[in-house]
Amino acid sequence: MKTSLTAFALIAATLGAGVAYAHPELQSTEPAAGKASAPPKEIRILFNENIIPRFCGIELKGQAGKAIATGKATADPSNKKLMIVPLKDQLSPGDYKVEWHAVSDDTHKVKGSYSFSVAR
């Protein structure tokens with residue numbers, strides 16, 4: 001009986017640990033990663049968990065690696081999993097790289113990058 005209880009407790013602890021250590025994961029982006037699009041007015045990144053906007057943001061870089069000015073990251077009022085970053089100027093045709101960072105409600109920080117193109 002003790003062995004069964006110990007085994008059950010170990011399994012429960014292992015399964016519970018997976019939930020406790022979850023990190024926000026990127027679900028989708030607009031403009032879409034690896035695709036060409038019309039010049040966007042904003043960058044939209046959807047995560048699988050709610051984010052804390054004041055700890056989130058992006059750095060947008062053009063083909064030459066030069067940083068491009070963006071606005072402050074916010075969360076969509078109707079979907080706290082969606083980070084929205086307005087662009088200050090219209091993007092010219094070419095390739096762009098987005099380096100993003102986000103912190104979820106459970107305070108886990110993640111970062112990553114993706115590229116997209118603005119059609120000519």
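Strand E2 (residues 36–37) runs parallel to strand E9 (residues 109–118), and two bridges join the pair. One of the residues involved is Ala36, whose bridge partner in E9 is Ser117. Keep in mind as you explore that this is a predicted model.

**The open sheet**

- E2 and E9 belong to an open sheet of five strands, arranged in the order E2-E9-E8-E4-E5.
- The pairing in this sheet is mixed; in general, strands of a sheet pair through backbone hydrogen bonds, and they can do so in a parallel or an antiparallel way.
- Which strands sit at the edges of the sheet? They are E2 and strand E5 (67–68), each of which pairs on one side only.

- Strand E8 (residues 94–103) pairs with E9 in the antiparallel sense, over 10 bridges.
- Two spots let you trace this pairing in the structure: Ala102 stands opposite Val110, and Val103 has Lys109 as its bridge partner.
- E8 and E9 make up a hairpin, with five residues between the two strands.
- Thr107 lies in the loop between E8 and E9, and its phi is near 70 degrees, a positive value in a residue other than glycine.
- Is Thr107 buried or exposed? Its relative accessible area is 59%, over the 50% cut-off, so Thr107 counts as exposed.

**The nonpolar core**

- The largest nonpolar core contains 21 residues.
- Those with the most contacts inside this core are Ile43, Ile45, Ile58, Met83, Val98, Trp100 and Phe116.
- Strand E3 (42–47), strand E4 (57–61), strand E7 (79–86), E8 and E9 each give two or more residues to the core.
- As a general background, nonpolar side chains tend to be buried together in soluble globular proteins.

**The chain as a whole**

- How many helices and strands does the chain have? There are one helix and nine strands.
- Reading from the N terminus, the order of elements is α-β-β-β-β-β-β-β-β-β.
- The chain has 120 residues, and 31% of them count as buried.
- Among contacts in the chain with a separation of 6 or more, 60% come from residues 24 or more positions apart.
- The accessible surface of the chain is about 7,700 Å², with 57% of that belonging to carbon and sulfur atoms.

- Pro31 sits in the loop between strand E1 (26–30) and E2.
- The peptide bond leading from Glu30 to Pro31 is cis, and its omega is near -5 degrees; as a general rule, most peptide bonds are trans.
- Asp76 is part of strand E6 (residues 74–76).
- Why does Asp76 count as buried? Its relative accessibility is 14%, and the cut-off for buried is under 20%.
- Setting aside residues up to four places away in sequence, Asp76 touches Arg44, Leu82 and Ile84.

Notes: Residues numbered from 1 in each chain as written. Predicted model: local features only at pLDDT ≥ 70, side-chain atom pairs only at ≥ 80, totals over all residues. Heavy atoms only, no water. Pairing = 2+ DSSP bridges. Helix = DSSP H or I, 4+ residues; strand = E, 2+ residues; numbered from the N terminus. Core = buried A, V, L, I, M, F, W, Y, C linked by side-chain atoms within 4.5 Å. Buried < 20%, exposed > 50% of the residue type's maximum accessible area, 1.4 Å probe, protein only. Contact = heavy atoms within 4.5 Å. Areas by Shrake-Rupley, 256 points an atom, 1.4 Å probe, with all protein chains shown as cover.
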